[in-house]
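The following exercises concern a single protein structure, to be examined alongside its sequence.

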Amino acid sequence: MGQYPDGLRGPLIVHDPNDPYKGKYDEEVILTVSDWYHAQSLDLVRAMEVKTNVQFLPPFPDSLIVNEGAGARINFVKGKTYRVRMISFAAFASAMIHFDSHTMRVIMNDAAYIQENEAYQLRITPAQRYDFLISAIDRDNYNFPFLVSLDMNRDFSNPVGLVWPHNYTGYLVLDPSLPTDKVDVVDNWRPVDDSHFVPLDGQCVYGPVTKSIQLDFEFCVDPNGLPRACFNGQPYVPQKVPSLYTAATTGESNSNPVIYGAVNPFIIEYGDVVEIVVNNRDAAVHPFHLHGHHFQVLDRPRSGTGDWPGRDVNYASKPPKRDTVAVNAQSYAVLRYVANNPGVFLFHCHIEWHVEMGLTATIIEAPDRLRGKTFPDDHINNCKIQKIPFAGNAGGNTVNVLDTSNFNTVIPANYTGALYIPPPTKRSRIMGKE
C-alpha cells in the first residue's frame with residue numbers, strides 16, 4: 001500500500017520479562033534509520049509502473065534520515081553499557097553503520113536472541129532489526145562519531161562502481177562542552193556476516209523437511225505490458241476476498257490452493273518442517289521477509305553462486321534465526337521453520353517497490369485449524385463500508401468455491417495504493433415542475 005515510506009510508522013519495543021541479557025546493560029537507546037523520498041509513494045509507484053520502465057528501476061531515495069530526522073547524539077557515560085535497538089524503516093536502501101573506536105556486541109537480530117557476537121560494521125536491510133551493546137570505557141576522552149551510510153548499490157560486495165551519496169554522522173557524547181566536529185571515515189564497507197551468528201537457545205537444524213517451497217525470483221512483464229516482480233513467473237495479484245477470510249469460510253476446500261487465486265498460495269500443515277529456497281536471479285541483493293515466524297538461515301552463499309543446487313549439505317548445525325534475510329545477488333538462501341502458528345502469512349521482498357510490483361507469496365498454515373474462524377465486528381464492518389466481500393473463494397463465490405471465473409488475474413494497471421476509492425453508486429433523477 002506504500003504507506004510506511006510516507007511516514008506511517010514508528011518503533012514498538014516489547015520488553016521480554018525473561019530477557020537473558022537483562023542486567024548486562026545500563027540504558028537503552030532506539031536508533032532508527034531510513035531512506036527518505038521527497039515525493040509520496042502513490043506518485044512514485046505510478047511513475048515506476050509504466051511500460052517504458054524496461055529496466056525495472058525502482059524510485060531512488062533523496063536522502064537518509066536517522067531517528068525520523070531528529071538525529072542521534074547518544075549520551076555516553078564512562079562505566080556504562082548501552083543497548084542500542086536499531087530498526088530500519090527503509091523502503092528501498094539498506095544502511096551500514098560503524099562506530100569510531102568502539103565495537104558493537106550484537107545480541108539480537110529481528111527479535112531473535114543470538115550468542116554475543118562482536119561486529120565492527122553492520123548492514124541493516126529494510127525491515128531488519130539489530131540489538132547490540134556498546135560500552136563507554138575509562139580511556140574514552142572525547143565525543144566519538146559514528147557513521148551511517150545508505151547502501152543504494154545493487155551489490156555492495158562488488159567493488160565496481162560503488163557510490164555512497166547519503167551519509168550521516170552521529171555522536172557518542174561524553175561531554176557536551178566538547179566539540180562534535182570529528183567524522184568517522186570508512187574506506188571499505190565489510191559488514192559482519194550475520195548468517196554465521198549462533199542462536200542463543202542452541203537450537204539445531206530443524207528436520208526432517210516435510211514441506212518444500214522453491215521460489216525463483218525474476219522480474220517480468222504482465223499482460224498489460226507493465227513491469228512486475230515474480231515468484232516462479234507469477235506476480236502476486238490482489239484478490240476480491242482477503243486470503244484469511246477465504247481460509248475461514250470455505251470449509252474443507254480451504255486446503256486447495258486453487259481457491260485463493262493468483263496470490264502465489266502454498267498450503268502448509270500444522271507441524272510441518274518447512275524449507276523455503278529463494279533463488280535470487282537478479283544482480284542485486286534483496287531482503288526477504290516472512291510474517292508469523294522466525295526461520296533458520298541454513299545457507300546464504302556469496303553473490304554469483306547461482307541457483308540452489310538442490311541438495312542439503314554442509315549446513316551449520318546451529319543456524320541463526322530471524323525473519324528477514326538478505327539474499328545475495330544471483331545467489332540463493334535456504335530457510336527452515338516449524339509450522340506451529342496457524343494463519344495466513346506473506347513471504348515477500350521487503351523492498352517496498354518490489355512488493356508493489358508483485359514480489360509476494362502467500363502461506364496458508366494449518367488450514368484445518370482456520371475453518372470456521374470468526375472475526376471482530378469492526379473488521380467485518382470495514383469490509384462492508386468498502387464493499388469488500390469477506391467470505392467465499394478469492395472471487396467471493398460462496399456456493400461453488402472451485403469456480404475461478406470471478407478471480408482477479410492481472411494486477412490493476414491504475415495503481416491506487418492506500419487510497420479509498422468509493423464504489424460507484426446509482427444516481428437517481430428527481431423530476432420536478434418548474
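A disulfide is counted where two cysteine sulfur atoms lie within 2.5 Å. The model under study is a predicted one.

**Exercise 1. Cysteines**

Task: Determine how many disulfides the structure holds, and describe the geometry and setting of the cysteines concerned.

Solution. 
- Step 1. A search of the whole structure returns one disulfide. The bond joins Cys220 to Cys230, with an S to S distance of 1.9 Å.
- Step 2. The two partners belong to distant parts of the chain, 10 residues apart: Cys220 is in strand 12 (residues 211-221), and Cys230 is in strand 13 (residues 227-231).
- Step 3. The torsion about the S-S bond of Cys220 and Cys230 is about 70°, and the disulfide is therefore right-handed.
- Step 4. Both Cys220 and Cys230 are buried.

Solution. 
- Step 1. Cys349 is buried, its relative accessible area being 0%. Cys383 also counts as buried, because its relative accessibility is 8% and the limit is under 20%.

**Exercise 2. Salt bridges**

Task: State how many salt bridges the structure holds, and locate the one between Asp323 and Arg129.

Solution. 
- Step 1. There are 24 salt bridges in the structure.
- Step 2. In one of them, the side chains of Asp323 and Arg129 meet at 2.9 Å, N to O.
- Step 3. Asp323 lies in the loop between strand 18 (321-322) and strand 19, and Arg129 in strand 9 (residues 129-135), so this pair ties together parts 194 residues apart in sequence.
- Step 4. Asp323 is buried at 8% relative accessibility, whereas Arg129 is partly exposed at 22%.

Task: Carry out the corresponding analysis for Asp193 and Arg300, and for Arg281 and Glu218.

Solution. 
- Step 1. The side chains of Asp193 and Arg300 form a salt bridge of 2.8 Å, N to O. These residues are 107 apart: Asp193 is in the loop between strand 11 (167-173) and strand 12, and Arg300 in the loop between strand 17 (295-299) and strand 18.
- Step 2. Asp193 is partly exposed, with a relative accessible area of 30%; Arg300 is buried, with 11%.
- Step 3. For Arg281 and Glu218, the closest N and O atoms are 3.4 Å apart. Arg281 is in the loop between strand 15 (273-280) and strand 16 (286-290), while Glu218 is in strand 12, 63 residues apart.
- Step 4. Arg281 is partly exposed at 34% relative accessibility, and Glu218 is partly exposed at 42%.
- Step 5. Through shared partners, salt bridges join Asp110, Arg129, Asp193, Asp194, Arg300, Arg322 and Asp323 into one network.

Conventions: Residues are numbered from 1 along each chain as its sequence is written. This is a predicted model: local features need pLDDT of at least 70, side-chain atom pairs count only at pLDDT 80 or more; totals for chains, interfaces and linings use all residues. Side-chain values use heavy atoms; hydrogens and water are left out. Helices (H or I, at least four residues) and strands (E, at least two) are DSSP runs, numbered from the N terminus. Buried means under 20% relative accessible area, exposed over 50%, partly exposed in between (1.4 Å probe, protein chains only). A salt bridge is a side-chain nitrogen of Lys or Arg within 4 Å of a carboxyl oxygen of Asp or Glu.
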